[in-house]
Amino acid sequence: MTAPLLEVRGLVRRFGGVVALDGLDLAVRRGTVTALIGPNGAGKSTAFQCISGVIRPDGGNVIFDGQDITGARPDRVTRAGLVRSFQIARGIPRLTVLENLLLYGQHQPGESLAVALLATQAMRRREEELRARAEAIAARLNLSRVLDNQAAALSGGQKKLLEIGRALMAEPKLLLLDEPVAGVNPTLAAEIARHIAHLREEGMTVLVVEHHMDFVASLCDPVIVMAEGKLLAQGSFESIANDARVQEAYMGRRVHA
Ligand SMILES: Nc1ncnc2c1ncn2[C@@H]1O[C@H](COP(=O)(O)OP(=O)(O)OP(=O)(O)O)[C@@H](O)[C@H]1O
């Protein structure tokens, strides 16, 4: 069996006296849409933040695509191919959809004065490529019609799609999605699930934190359940839904592994 794309080993993170991650182990296999679920306070956000380099873990390791990226800064993590989207869309409201997408393309031409002065044909070609990629990503996410609209004018669901598009512009190997359907109506949630399923069909690997169980059940396999900063269970949605320990954790009772 091939090595997992992402492996988290014994991850520990404390906030003062609170142990948010207490030796978390998890693995994400290539080509899967894996869910990370668990009751409020289980440590899911903290795990995402440690994996994406936003905060440093106090212990343990994050191995991505064979590289130890433990404690690496977010820009390095992104360059390695691990890209996260945010629950609250981070796009710049005044910019258009196209501009927002271009902003997150890798190795932006025009990002420094030197680049501007040395603008060569190759760089112009790169800019054209980026633009073509932005248009293709917008098309696949049904955002073509609003490409020239300001991000601020988008519906809630379109903002969620732009957030996914923004992450795709960085050409991820692994996409971390933070609650991609929170606050979205069921029709749009189903559309977003279809877009993510298409990404998987094309070989993308996705790790998603989501509280909406219909979405998780329809899209994600395997499902990893966290409780109290640790791995509690993993498997198909059906198997974890029937797991007594998982039911107990969601009932808010103390979990005895
Ligand atoms: N910056 C912080 N300062 C202090 N405590 C924190 C901080 N961030 C998280 N915690 C604590 O760490 C624990 C795990 O929180 P975390 O937000 O990672 O859980 P979660 O599973 O993402 O919860 P939710 O589903 O509610 O978003 C909680 O007890 C939380 O109060």
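Which domains does the domain assignment of the protein give? The assignment, which is automatic or taken from a database, gives domain 1 (1–81 + 176–256) and domain 2 (91–171). The contact between them, where two residues are in contact if their C-beta atoms, placed from the backbone, lie within 7 Å, takes seven residues from domain 1 and seven residues from domain 2. On the side of domain 1 that touches domain 2, α7 gives the most, with three residues. That side consists of four nonpolar, three polar and no charged residues; Ala, Val, Leu, Ile, Met, Phe, Trp, Tyr, Cys and Pro count as nonpolar, Asp, Glu, Lys and Arg as charged, and the others, Gly among them, as polar.

The model is predicted: local features need pLDDT of at least 70, side-chain atom pairs count only at pLDDT 80 or more, and totals for chains, interfaces and linings use all residues. Residues are numbered from 1 along each chain as its sequence is written.

Helices (H or I, at least four residues) and strands (E, at least two) are DSSP runs, numbered from the N terminus. Helix α6 (residues 156–169) has 14 residues and reaches 20 Å from its first C-alpha to its last, close to the 20 Å expected, a span given by 1.5 Å times one less than the number of residues. Twelve of the 14 residues of α6 are buried, so the helix is largely enclosed by the rest of the structure. A residue is buried if 20 or more other C-beta atoms, placed from the backbone, lie within 10 Å of its own. Among the buried residues of α6 are L161, L162, I164 and R166. The buried residues pack against β6 (82–84), α3 (97–103), α5 (121–140), β7 (174–178) and α7 (186–201). After α6 comes E171, with a positive phi near 50°.
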